[in-house]
Amino acid sequence: MHSRTSHPLALPVGTTLDRYIMNRQYAFAYATGELSQLLRDIALAGKIINREINRAGLIDLTGGIGAQNVQGENQQKLDVIADIRFERALKNGGEVCAIISEEEEEIIFTGNNHAKYVVAIDPLDGSSNIDVNVSIGTIFSIYRRVTPIGTEPTMDDFLQGGHEQVAAGYILYGSSTILVYTTGHSVNGFTYDASLGEFILSHPDLQSPADGTIYSCNDGNADLYEEPVRAYLADCRKKQYTGRYIGSLVADFHRNLLKGGIYLYPPTPKNPEGKLRLLYECYPLAFIAERAGCRAVTRTESILDIKPDSVHQRTPIFMGAPKMVDDLLSRF
Ligand code: AHG
Ligand code: MN
Ligand code: MN
């Protein structure tokens, strides 16, 4: 006999993101619901972008806009659209007083000076993959502001350091769309069910393997890496590890998180500080990585220990299964 709640003809849908967020909020006596609302605002913008990505080839959303962003990179139409979608969602949501986006040089003031959170965001990660139907993503990081509520936010609100993140997450627009986030405790993944318009808890309490056999880097740059990194990669090849590199950080990160692997973006002569941005790429993923049992480092320190001095700064990064990261570091 099947019970009516677990009958195979009517399996439960599972826990929606909204329900999960509310349950977490109730678990904290002093939670006011603002962070919950902010996470829901991000999820809503993610749904809208997901819709636009899925239709991009049909409604002329592929290709560049003929301008460059603050990083000197060619902006794609979807970079700009995703930036606008998040900016609007966070402004209208009312819980955020300022935003730092990869696509904008200056702080974006939302006008909500009574809000207590700021957000750093890479609205669309992996832009070179947009036009070729390959996975792309969004990465976000949330801080509680340090400037007084009611005043205009400043750079200080964003330059607090990785350990001060209140929450961090990403959305991967892949073979399915998944939102993964942590508020500093467990890491949880919610797969999007487009027919319901809901993210459903699919990956509770994600823990990454302690070791792995996948290495991910842009192999075309490998001759430019420092000798210890080249030696480590030579060893990976000798052991016949698996080389996997999508070129969308979110997608490479997510795969390695689930399967066990190491992601490398070392310094090169062209990018002596590496390529990836600290505030809205490395800090949030490092925060998630550490909560899921991984390590995220430069050759000298943990990513989360880096003291930031500018909002668009870059950092080299080695991130993934702790045994692989330790092995790499032992070569320096
Ligand atoms: P973005 O599209 O947000 O500018 O990020 C691109 C980043 C990252 O997603 C990816 O892992 C990396 O650039 C790829 O760089 P290379 O092409 O140099 O390998
Ligand atoms: Mn990016
Ligand atoms: Mn981007």
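Helices and strands are here DSSP runs, numbered from the N terminus. The model described below is predicted.

## A surface patch and the strands beside it

V134 sits in the loop that runs between strand 5 (117-125) and strand 6 (136-144). With a relative accessible area of 33%, V134 is partly exposed. V132, V134 and I246 together make a nonpolar surface patch of about 210 Å². Residues can join such a patch if they have over 30% relative accessible area and no salt bridge, so V134, at 33%, passes the area cut-off.

D125 has G137 of strand 6 opposite to it.

An open sheet is formed by five strands in the order 12-11-13-15-14, and its pairing is mixed. Its edge strands, strand 12 (242-243) and strand 14 (295-297), each pair on one side only. Strand 14 is joined to strand 15 (residues 317-320) by three bridges in the antiparallel sense. Within this part of the sheet, A296 has M319 of strand 15 as its bridge partner.

Helix 4 (residues 227-238) packs on the sheet and touches strand 11 (214-216), strand 13 (261-265) and strand 15. The direction of helix 4 makes about 145 degrees with that of strand 13. Helix 6 (residues 278-291) lies across strand 14 and strand 15, and runs at about 30 degrees to strand 15.

How many of the 14 residues of helix 6 are buried? The count is 12, and helix 6 is mostly covered. Just after helix 6, G293 takes a positive phi of about 95 degrees.

## Salt bridges

Side chains of opposite charge can pair when their charged atoms come close. The structure holds 15 salt bridges.

| Salt bridge | N to O distance |
|---|---|
| D235 and K239 | 3.3 Å |
| D235 and R331 | 2.8 Å |
| R255 and D252 | 3.1 Å |

D235 takes part in a salt bridge with K239 and in another with R331. Is D235 buried or exposed? Its relative accessibility is 18%, so D235 counts as buried. The cut-off for this class is under 20% relative accessible area. K239, at 41% relative accessibility, counts as partly exposed. R331 also counts as partly exposed, at 27% relative accessibility.

The pair of D235 and R331 links distant parts of the chain. D235 belongs to helix 4, while R331 is in the segment after helix 7 (322-329), and the two are 96 residues apart.

The pair of R255 and D252 lies within one element, as both residues are in helix 5 (residues 249-259). They are three residues apart, about one turn of the helix. Both R255 and D252 are buried. Elsewhere, salt bridges that share partners join E73, E102, R277 and E281 into one network.

## D41 in helix 2

D41 is found in helix 2 (residues 34-55). Its relative accessibility is 8%, so D41 counts as buried. Which residues are in contact with D41, leaving aside its neighbours within four places in sequence? They are A89, L90, G93 and E95. D41 and Y170 are 129 residues apart in sequence, and their C-alpha atoms are 14 Å apart in space.

Technical notes. Residues are numbered from 1 along each chain as its sequence is written. Chains are lettered from A and ligands numbered from 1 in the order in which they are written. This is a predicted model: local features need pLDDT of at least 70, side-chain atom pairs count only at pLDDT 80 or more; totals for chains, interfaces and linings use all residues. Side-chain values use heavy atoms; hydrogens and water are left out. Patches are made of residues with over 30% relative accessible area and no salt bridge: like charges are joined within 9 Å, nonpolar side chains (Val, Leu, Ile, Met, Phe, Trp, Tyr) within 5 Å. Accessible areas come from the Shrake-Rupley method with a 1.4 Å probe; for residues, only the protein chains shown count as cover. A salt bridge is a side-chain nitrogen of Lys or Arg within 4 Å of a carboxyl oxygen of Asp or Glu. Helices (H or I, at least four residues) and strands (E, at least two) are DSSP runs, numbered from the N terminus. Buried means under 20% relative accessible area, exposed over 50%, partly exposed in between (1.4 Å probe, protein chains only). Two strands pair if DSSP finds at least two bridges between them. Contact means heavy atoms within 4.5 Å. Axes are lines fitted to C-alpha atoms, for helices over the stretch in contact, and angles run from 0 to 180 degrees between N-to-C directions.
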